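Biologist: I am new to this kind of model and would like to learn how to read it, one feature at a time. Could you show me the structure and begin with a single residue?

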Amino acid sequence: MSLEPEKLKFFATFIESELGIVYSDSNYFQLEHRLNDISNQLGFQNVNDLWLKATFGIEGQFKALLLDLATNNETSFFRDASIFRGTIEMVVPELLEKKPNLKEVTIWSAACSSGQEPYSLAMAFEEARSKNFNFPDYRIFATDFSNRILARTQERTYSSLELQRGLPAHYISKYFEPGAHPDTWVINSRISPSKFEFQQLNLLKPWNFDHNFDIIFCRNVLIYQNIENKIAVISKMLKFLDAGGYLALGAAESLLGISDQFDQIHFENAVFYRKKQT
Ligand SMILES: C[S@@+](CC[C@H](N)C(=O)[O-])C[C@H]1O[C@@H](n2cnc3c(N)ncnc32)[C@H](O)[C@@H]1O
């Protein structure tokens, strides 16, 4: 069964107001496909019944499913590997020059998806610390708007296929152990859970921290946002970075037209954004 365009627009407007993700008319077929999935999952007779329910409010599990299905959780371990090498080989040594007493680097993975990004950072730090006794410790704040994906991050469990995307072979034997189910692998105790904090956080809604970060990873999430949302999120993140702190974006993203408060610093084929000293 199909939905009339104005009913699809109703859902699209809701998703845009919550997540800033825009469905153009040409993508309505995709939205409709997802609404059919939700309708089945929630046990409705058809998608029109789902729409009727929505007119009374989209909340709870319905809201979570709708927003989850609207997002793209694509990620992998060491995605764009030079960002991780640059963090270890350039960013942290520079932070140490500015703050010689820095014992713990504080990092925010601002749209962590299923956790490959924060755990890749942790492995990169562990490797550096095993080679250099003076390399600082780390603390990682991992957030995502989706509770479902955040729960996956906290499970620390991945399939062989996910491991094969981006992880060097010796990291697999060093940082993973077999999981309870066939073809699952769990991050082992070499990556201590005590170094992480997890929090549900929608970048487009009010958020706050009671401290600043040395590094913010905000990769492959703002790419779906309009320019106003990008400006709002980046200018707010700026306040939570110390002068000289670093921002990392996705490989296809830039701050062009968004902020002039950062210097661009290149490392291999990656670009970092360093908050200007004022
Ligand atoms: C494509 S993944 C990127 C994951 C990781 N940063 C990477 O680059 O591999 C985008 C993530 O952003 C999250 N997301 C989308 N909109 C968001 C928002 N408004 N606030 C917080 N997270 C959001 C999605 O749930 C998804 O997990």
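Modeller: Let us begin with Leu95, which counts as buried because it has 20 C-beta neighbours inside 10 Å; the rule is that a residue is buried if 20 or more other C-beta atoms, placed from the backbone, lie within 10 Å of its own, exposed if 12 or fewer, and partly exposed in between. This is a predicted model, in which local features need pLDDT of at least 70 and side-chain atom pairs count only at pLDDT 80 or more, while totals for chains, interfaces and linings use all residues. Residues are numbered from 1 along each chain as its sequence is written.

Biologist: Where does Leu95 lie, and which residues does Leu95 touch?

Modeller: Leu95 belongs to helix H5 (residues 81-98), where helices are DSSP runs of H or I with at least four residues, numbered from the N terminus. Two residues are in contact if their C-beta atoms, placed from the backbone, lie within 7 Å, and, not counting residues up to four places away in sequence, Leu95 touches Leu102, Val105 and Asp214. By contrast, the C-alpha atoms of Leu95 and Asn27 are separated by 44 Å, the two residues being 68 apart along the chain.

Biologist: How is the protein chain divided into domains?

Modeller: Domain bounds come from an automatic or database domain assignment, which here gives domain 1 (5-70) and domain 2 (81-275). Taken over C-alpha atoms, the centres of domain 1 and domain 2 are 31 Å apart, and six residues of domain 1 are in contact with nine residues of domain 2. On the side of domain 1 that touches domain 2 there are four nonpolar residues, one polar and one charged, with Ala, Val, Leu, Ile, Met, Phe, Trp, Tyr, Cys and Pro counted as nonpolar, Asp, Glu, Lys and Arg as charged, and the others, Gly among them, as polar.

Biologist: At what angle do the axes of helix H1 and helix H2 cross?

Modeller: Axes are lines fitted to C-alpha atoms, for helices over the stretch in contact, and angles run from 0 to 180 degrees between N-to-C directions. Helix H1 (residues 5-19) and helix H2 (residues 28-41) have axes that come within 10 Å and cross at roughly 80°. H1 is therefore roughly perpendicular to H2, since angles of 65 to 115 degrees count as roughly perpendicular, under 35 as roughly parallel, over 145 as roughly antiparallel and the rest as oblique. Pro5, Leu8, Phe11 and Ala12 of H1 make the contact with Tyr28, Leu31, Glu32 and Leu35 of H2.

Definitions and conventions
Helices (H or I, at least four residues) and strands (E, at least two) are DSSP runs, numbered from the N terminus.
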